[in-house]
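Please keep the sequence and the 3D view open while reading.

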Amino acid sequence: MDVLEGAWVRPDGGYLILIKKAAADGTLEASYFNPKPLPFAKAQAARDGTSLRVSLELQAGGYAGSTYELVYDAAGDRLYGTYYQAVAKKTYDVYFTRK
């Protein structure tokens with residue numbers, strides 16, 4: 001899980017996920033920056049077969065109910081998946097690269 005630790009930037013907007021700690025049980029100590037910091041209401045990682053999945057939920061700053069569902073790509077050292085923007089009720093394909 002510790003491979004997730006670090007700063008991850010979304011190239012299409014400069015949004016940043018900072019994962020300070022990834023515990024063995026999958027609990028993540030993480031924050032979101034757009035550009036001001038927002039805490040995640042839920043931040044969890046889990047193994048799914050050979051995949052490492054990351055689930056993040058925002059409940060602050062006008063993002064209530066917005067979520068990221070991401071998978072770690074070891075070969076590319078990136079996180080990719082979807083972002084559900086709850087206010088607009090739209091889902092977007094996104095990815096983050098290590099900063």
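## Strands, core and salt bridges

Strands β4 and β5 form a hairpin in which two residues lie between them, and Gly49 in that turn has a positive phi of about 65°. The model is a predicted one, in which local features need pLDDT of at least 70 and side-chain atom pairs count only at pLDDT 80 or more, while totals for chains, interfaces and linings use all residues. Residues are numbered from 1 along each chain as its sequence is written, and side-chain values use heavy atoms, with hydrogens and water left out.

A strand here is a DSSP run of E with at least two residues, and strands are numbered from the N terminus. Two strands pair if DSSP finds at least two bridges between them. By this rule β4 and β5 pair in the antiparallel sense over eight bridges. Lys42 stands opposite Glu57 in β5.

**Other pairings**

β4 also pairs with β3, in the antiparallel sense and over three bridges. These two strands form a hairpin with three residues between them, and Ser31 has Pro39 in β4 as its bridge partner.

Strand β1 covers residues 6-10 and pairs with β2 in the antiparallel sense over five bridges. Val9 stands opposite Leu16 in β2. The hairpin of β1 and β2 has four residues between the strands, and Gly14 in its turn has a positive phi of about 80°. β1 is also paired with β8, in the antiparallel sense over two bridges; the bridge partner of Trp8 in β8 is Arg98.

**The nonpolar core**

In a regular strand the side chains alternate between the two faces of the sheet. A nonpolar core is a set of buried Ala, Val, Leu, Ile, Met, Phe, Trp, Tyr and Cys residues joined through side-chain atoms within 4.5 Å. Buried means under 20% relative accessible area, exposed means over 50%, and partly exposed lies in between (1.4 Å probe, protein chains only).

The largest nonpolar core has 25 residues, and those with the most contacts inside it are Leu4, Ile17, Leu28, Leu56 and Leu70. The elements that give two or more residues to this core include β2 (15-22), β3 (28-33), β5 (51-58) and β6 (67-73).

Which residues is Leu70 in contact with, leaving aside its neighbours within four places in sequence? Contact means heavy atoms within 4.5 Å. Among the partners of Leu70 are Ile17, Leu52, Val54, Leu56, Leu79, Tyr80, Val94 and Phe96.

**Salt bridges**

Side chains of opposite charge can pair when their charged atoms come close. A salt bridge is a side-chain nitrogen of Lys or Arg within 4 Å of a carboxyl oxygen of Asp or Glu. The structure holds five salt bridges, and the table lists some of them.

| Side chains | N to O distance |
|---|---|
| Asp12 and Arg10 | 2.6 Å |
| Asp73 and Arg78 | 3.4 Å |
| Lys42 and Glu57 | 3.8 Å |

Lys42 lies in strand β4 and Glu57 in strand β5, so this pair ties together parts that are 15 residues apart in sequence. Lys42 is exposed at 53% relative accessibility, whereas Glu57 is buried at 17%. Asp73 is partly exposed at 22%, and Arg78 is partly exposed at 28%.
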